[in-house]
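Let's take a walk through this structure together.

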Amino acid sequence: MNHNLNKQTIFIDLGLIDYQKAWDYQTELFNKILDVKSENRNLPVNEQRSTNNYLLFCEHPHVFTIGKSGDEKNLVIPLASLSSIGASYHQINRGGDITYHGPGQIVVYPVLDLENFFTDIHQYMRTLEESVIATLKEFGIVAGRIKGLTGVCWIGMMSEKHGKFARLE
């Protein structure tokens, strides 16, 4: 067991950045964490290095992403029309369906070694959701969860499909 747990987080503002460049940067940071963990396996506990944790803040030009379980039929405009409106499209290896990001929208990407905090991914997701809900509350925005679904929803995103809140990822 690594006794050099690091709960400190490095905050990085990437500004307005292309989605693929942000994805590549996250991958680079993630691989650095994996390299340290791999090196630590062969070292005595007192020589092991702690891994870093990152919180990346940015905004993207217009982009639609689709996760592994997504369906292109859920895209609101034809895929071939995206470039005509200045939007890009990326298939990525996360779960979920279609997600939109655009200028003025703050996007936060955590790149963490969860073993520095806890190893239960469900606890991590609920903690992340609760952090978003508490942050929105500070701005006077009522937010919540839909039972049985992952994600945070807020007023202004009403939906008959989901009842009180529309599901956001």
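H90 is buried, because its relative accessible area is 14% and buried means under 20% (exposed is over 50%, partly exposed in between, with a 1.4 Å probe and protein chains only). You'll find H90 in strand β4, residues 88–91. Leaving out residues up to four places away in sequence, H90 touches Y19, Q20, V63, F64, T65 and I66, where a contact means heavy atoms within 4.5 Å.

A quick word on what you're looking at: this is a predicted model, in which local features need pLDDT of at least 70 and side-chain atom pairs count only at pLDDT 80 or more, while totals for chains, interfaces and linings use all residues. Residues are numbered from 1 along each chain as its sequence is written, and side-chain values use heavy atoms, with hydrogens and water left out.

Back to β4. It belongs to an open sheet of 3 strands in the order β4-β3-β5, with mixed pairing; two strands pair if DSSP finds at least two bridges between them. β4 and β5 (98–101) are the edge strands, each pairing on one side only. On average, neighbouring strands in this sheet are turned by 20° against each other, direction ignored. Axes for such angles are lines fitted to C-alpha atoms (for helices, over the stretch in contact), and angles run from 0 to 180 degrees between N-to-C directions. Strand β3 (residues 63–66) runs antiparallel to β5, with 4 bridges between them, and I66 has I98 in β5 as its bridge partner.

Now for the other open sheet, where 3 strands line up as β1-β2-β6, again with mixed pairing. β1 (10–16) and β6 (107–111) are at the edges with a single partner strand each, so one side of each has no neighbour in the sheet. β1 and strand β2 (residues 54–59) run parallel, joined by 6 bridges, and L16 stands opposite E59 in β2. Helix α1 (residues 19–40) packs on this sheet, touching β1, β2 and β6, and its direction makes about 20° with that of β6.

What sits inside? In soluble globular proteins, nonpolar side chains tend to be buried together. A nonpolar core is a set of buried Ala, Val, Leu, Ile, Met, Phe, Trp, Tyr and Cys residues joined through side-chain atoms within 4.5 Å. The largest one has 14 residues, and Y19, L29, Y54, L56, C58, Y109 and V111 have the most contacts inside it. α1, β2 and β6 each supply at least two residues of this core, with the largest share, 4 residues, coming from α1. L29 touches Y54, L56 and V111, again not counting residues up to four places away in sequence. A second, separate core of 6 residues includes F64, L75, L82 and Y89.

Helix α2 (residues 121–138) comes next. Its 18 residues should span 26 Å at 1.5 Å a residue, and that agrees with its end C-alpha atoms, which are 26 Å apart; the expected span is 1.5 Å times one less than the number of residues. Y124, E129, I133 and L136 are buried in α2. Just after α2, G140 takes a positive phi of about 75°.

Stepping back, the chain has 2 helices and 8 strands, and 31% of its 169 residues are buried.
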